[in-house]
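Hello,

Here is the structure I promised to pass on to you. Please open it next to this email, and then read on for what was found in it.

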Amino acid sequence: MLFDSPATIVSQTEYHIPPTQYNHRYDWSNTNQMLTSYQGMIGIKTGSGSGAGYCIVFEAVRNNRILIGAELGAPSFEVLWDDVAHLLDRSFAR
């Protein structure tokens with residue numbers, strides 16, 4: 001069985017792998033709310049932890065420009081989303 005590329009998987013809000021004779025069904029939900037709220041957001045990875053705070057590695061595309069970045073240590077996901085949107089808006093405006 002062929003699977004989608006990692007880039008395809010991280011750009012979706014949900015991803016499902018059907019069961020086979022070797023594994024059970026896998027269902028993933030993406031926590032990157034910017035996939036549906038920010039034009040051009042492709043995804044990559046969100047995370048959080050008590051020492052790390054709220055973090056994201058992101059990629060967005062607009063007008064044939066690709067921007068890749070990361071933010072670490074935000075106090076909440078809400079602050080993280082706002083920071084990333086502001087950073088991308090300013091970068092795409094240049």
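Predicted model: local features only at pLDDT ≥ 70, side-chain atom pairs only at ≥ 80, totals over all residues.

**The turn between strand 4 and strand 5**

In the hairpin made by strand 4 and strand 5, two residues sit between the strands, and Asn63 takes a positive phi near 50° there. Strands and helices here are DSSP runs (E, at least two residues, for strands; H or I, at least four residues, for helices), numbered from the N terminus. Strand 4 covers 53-62 and strand 5 covers 65-74, with Asn63 in the loop between them. Asn64 has its place in that loop as well, with a phi near 60°, again a positive value in a residue other than glycine.

Residues are numbered from 1 along each chain as its sequence is written, and side-chain values use heavy atoms, with hydrogens and water left out.

**The chain as a whole**

The protein chain has three helices and five strands, in the pattern α-β-β-α-β-β-β-α along the sequence. Its C-alpha trace spans about 50 × 35 × 15 Å along the principal axes. Of the 94 residues, 29% are buried.

**The sheet and its helix**

Which strands form the open sheet, and in what order? Three strands do, in the order 3-4-5, with antiparallel pairing. Two strands pair if DSSP finds at least two bridges between them. Strand 3 and strand 5 stand at the edges with a single partner strand each, so one side of each has no neighbour in the sheet. From one strand to the next, the twist averages 5°.

Strand 4 and strand 5 are joined in the antiparallel sense by eight bridges. Tyr54 has Ala74 in strand 5 as its bridge partner, and Val61 has Ile66 in strand 5. Helix 3 (residues 77-93) packs on the sheet and touches strand 3, strand 4 and strand 5; its direction makes about 30° with that of strand 4. Axes are lines fitted to C-alpha atoms, for helices over the stretch in contact, and angles run from 0 to 180 degrees between N-to-C directions.

Ser48 lies in strand 3. Leaving aside neighbours within four places in sequence, Ser48 is in contact (heavy atoms within 4.5 Å) with Gly53 and Tyr54. The C-alpha atoms of Ser48 and Ala74 are 9.0 Å apart, although 26 residues separate them along the chain.

**Strand 1 and strand 2**

Strand 1 and strand 2 run antiparallel and are joined by four bridges. One example is His16, whose bridge partner in strand 2 is Asp27. In a regular strand the side chains alternate between the two faces of the sheet.

**A buried asparagine**

Asn32 has its place in the loop between strand 2 and helix 2 (34-37). Asn32 counts as buried, at 4% relative accessibility. Beyond its neighbours within four places in sequence, Asn32 is in contact with Met41, Gly43, Ile44, Thr46, Ile56 and Trp81. The C-alpha atoms of Asn32 and Thr13, 19 residues apart along the chain, are separated by 7.6 Å.

**The largest pocket**

The largest pocket has a volume of about 190 Å³. Of the 13 residues that line it, the closest to its centre are Ile9, Val10, Ser29, Asn30 and Ile44. On a 1 Å grid over the protein atoms alone, a pocket is an open set of points where a 1.4 Å probe fits, with protein on both sides within 12 Å along at least five of seven lines; lining residues have an atom within 4 Å of a point. Grid points are joined across faces, edges and corners, and a volume is the space filled by probe spheres set on the points. Strand 3 gives the largest share of the lining, three residues.

Best wishes

Technical notes: Buried < 20%, exposed > 50% of the residue type's maximum accessible area, 1.4 Å probe, protein only.
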